[in-house]
Amino acid sequence: MQQKSELPEGWKSVSLGELVQPSKEKIEPSENPNLKYVGLEHIESHKCQIKGYGFSVDIKSTKTMFHRGDVLYGKLRPYLNKVCVPNFDGVCSTDILVFNATSNLNNYYLMRFLSTPNVVDYASNNSSGVQLPRINFQKLSSYTVPLPPLSEQHRIVSAIEALFARLDATNEKLDRVQEILKKFRESVLAAACEGRLTEVWREENQGIEFKVDILDSIDLGSSVDSEVIIDEFNLPDTWKWTTVDSIGHVKGGKRLQKGSNLVNYDTSYPYLRAGNLKNGTVEGEILYLQQNDYNQISKYTISSSDVYITIVGACIGDSGIVPEEYDGANLTENAAKVCDLHGVFNQYLALVFRSKIIQDQIQNKIFSASQGKLALIRIRKLLIPLPTLPEQQEIVRRVDALFAFADSIEAKVTVAREKTEKLKQSILAKAFSGELVEIEAEIARREGRDYESAEVLIERIKEERGKGGRNDET
């Protein structure tokens, strides 16, 4: 963040290159196999901390040596905001600049300054390279740093760390809320699909005769899996176990022909990829088929009355219903649909697919498969707990209401997180403009003493560098 035109008394505007130079201390990891290795993936950007490390024994090429208290700065986009001060010695990636610790500069002051949005934006805008843009120090070195007296740097850092600790504690509580909401949704689905959510509803409606619209003679098979599942979940007397292929038809999507390309403009032929099928609906950027490609796979569509389920990838088993606006969209080969439903409400089936009853079955089916893919034949054999249609509709209504409640809390958590981030940026803005703590000049006047200004401090830094301080090690 570039400082205001007028700095507080005793401060000085200096270029980053006047303060520090990248360390040139190299080391052969093979000769020091027990050294800890830090790559960009090991630096946690939001906390400016190292969250893990490797060992130099696994590194083949020469790396830069760093020491406890140095500043590590990621120069590779998109990791430009990755900066930290390690509490151990080690070696690091060549995509990390090392600024050695010095007694004339508080390196935590430098670390926090380098993490500010304006510095990140400057580095990003001045990066070069096509696939992996990097900022070189020659360009970064011209960036202006607002430098206070050394004693004031220490107080600023103390104030930042104290305030950030309180905000981090708030974020940790918000993280716990997220975990609670996740478990809440899971427990709601479990109660819904085991009949506990509508237990009172059944008592209130026991005088009304409802019928499960599935034949009682459904063959559930005699597999060990089926017996374990049926024994584990004790369904209400009015519910039945059935299989997916007894309530609908399972069909797969279609892979694009070789050489086909999706486009990002509306051709009237949306193509739903697995990444779009999230949280029970369709999300993210929608890509479209061109006319010739659509003609090849026009039969592989999904309607808003069907239920989708993803069958490959990290989100295998995600399930839901496509909105009306995507009725008739083409479906990826990485998902399947259950269509021609009878005896089951599509929204009920979608939430059952997301419940523990089905997710446990899916994981077992994947484990037993030769590849990490859920085969269509395995989806057809999934066991489904089936209540009457009126109870299915009541379950969906109650789940929707409870999930809406959870969503409202989650929205508040998101707002709170945004506020903590804005507070952090506000704290940094005040810190580097001299508004966070009392400036050294005012304290010195009040105490009737002299103080060392930043201008004098800069001269000492130059003198130290001229004597071959660790910033210039080769």
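I take helices (H or I, at least four residues) and strands (E, at least two) as DSSP runs, numbered from the N terminus. The model is predicted, so local features need pLDDT of at least 70 and side-chain atom pairs count only at pLDDT 80 or more, while totals for chains, interfaces and linings use all residues. Residues are numbered from 1 along each chain as its sequence is written, and side-chain values use heavy atoms, with hydrogens and water left out.

**Entry 1: Ser-246**

I looked up Ser-246 and found it in helix α8, residues 244-247. Is Ser-246 buried or exposed? Its relative accessible area is 17%, so Ser-246 is buried. My cut-offs: buried is under 20% relative accessible area, exposed is over 50%, and partly exposed is in between (1.4 Å probe, protein chains only). I then checked Ser-246 against Ala-336, 90 residues apart along the chain. Their C-alpha atoms are separated by 16 Å.

**Entry 2: two threonines**

Thr-62 lies in the loop between β6 (54-55) and β7 (63-66). Its relative accessibility is 32%, so I noted Thr-62 as partly exposed. Which residues does Thr-62 contact, leaving aside its neighbours within four places in sequence? I listed Lys-26, Ile-27, Glu-28, Pro-29 and Thr-94. Contact here means heavy atoms within 4.5 Å. Glu-18 is 44 residues from Thr-62 along the chain, and the C-alpha atoms of the two are separated by 27 Å.

Thr-281 is in strand β17, residues 281-282. With a relative accessible area of 25%, Thr-281 is partly exposed. Leaving aside neighbours within four places in sequence, Thr-281 touches Asn-276, Tyr-308, Ile-321 and Pro-323. I also checked Gly-320, 39 residues from Thr-281 along the chain. The C-alpha atoms of Thr-281 and Gly-320 are separated by 5.5 Å.

**Entry 3: positive phi**

Ser-268 is not a glycine, yet its phi is positive, about 80 degrees. I placed Ser-268 in the loop between β14 (249-252) and β15 (270-272). Ser-268 is exposed, with 58% relative accessible area.

Asp-340 also gave me a positive phi in a residue other than glycine, near 50 degrees. Asp-340 sits in the loop between β23 (335-339) and α10. Its relative accessible area is 45%, so Asp-340 is partly exposed.

**Entry 4: α10 and α13**

Two packed helices are described by the angle between their axes and the distance between the axes. I looked up both for α10 (residues 346-353) and α13 (residues 389-431). The angle is about 60 degrees and the axes are 9 Å apart. Axes are lines fitted to C-alpha atoms, for helices over the stretch in contact, and angles run from 0 to 180 degrees between N-to-C directions. The two helices are therefore oblique to each other. By the cut-offs, under 35 degrees is roughly parallel, over 145 roughly antiparallel, 65 to 115 roughly perpendicular, and the rest oblique.

The crossing of α10 and α13 is left-handed. That term applies if the near helix is turned anticlockwise from the far one by less than a right angle; clockwise is right-handed. From α10, I noted Gln-347, Tyr-348 and Leu-351. They meet Gln-392, Ile-395, Val-396, Val-399 and Asp-400 in α13. By class, the contact of α10 with α13 has 5 nonpolar, 2 polar and 1 charged residues. Nonpolar covers Ala, Val, Leu, Ile, Met, Phe, Trp, Tyr, Cys and Pro; charged covers Asp, Glu, Lys and Arg; the others, Gly among them, are polar.

**Entry 5: α2 and α5**

How do α2 (residues 107-114) and α5 pack? I read an angle of about 60 degrees, with axes 9 Å apart. That makes α2 oblique to α5. α2 passes α5 in a left-handed crossing. The contact uses Tyr-108, Tyr-109 and Arg-112 of α2, with Gln-153, Ile-156, Val-157, Ile-160, Glu-161 and Phe-164 of α5. The residues in this contact of α2 with α5 divide into 6 nonpolar, 1 polar and 2 charged.

**Entry 6: α14**

Which residues of α14 (440-447) are buried? I found Glu-440, Ala-441, Ile-443 and Ala-444. Seen down the axis of α14, its buried residues fall within an arc of 165 degrees, so they line one face of the helix. The arc is taken from the directions from the helix axis to the C-beta atoms. The buried residues of α14 pack against α5 (150-193). Arg-445 and Arg-446 are exposed, on the face of α14 turned away from its buried side. Just after α14, Gly-448 takes a positive phi of about 65 degrees.
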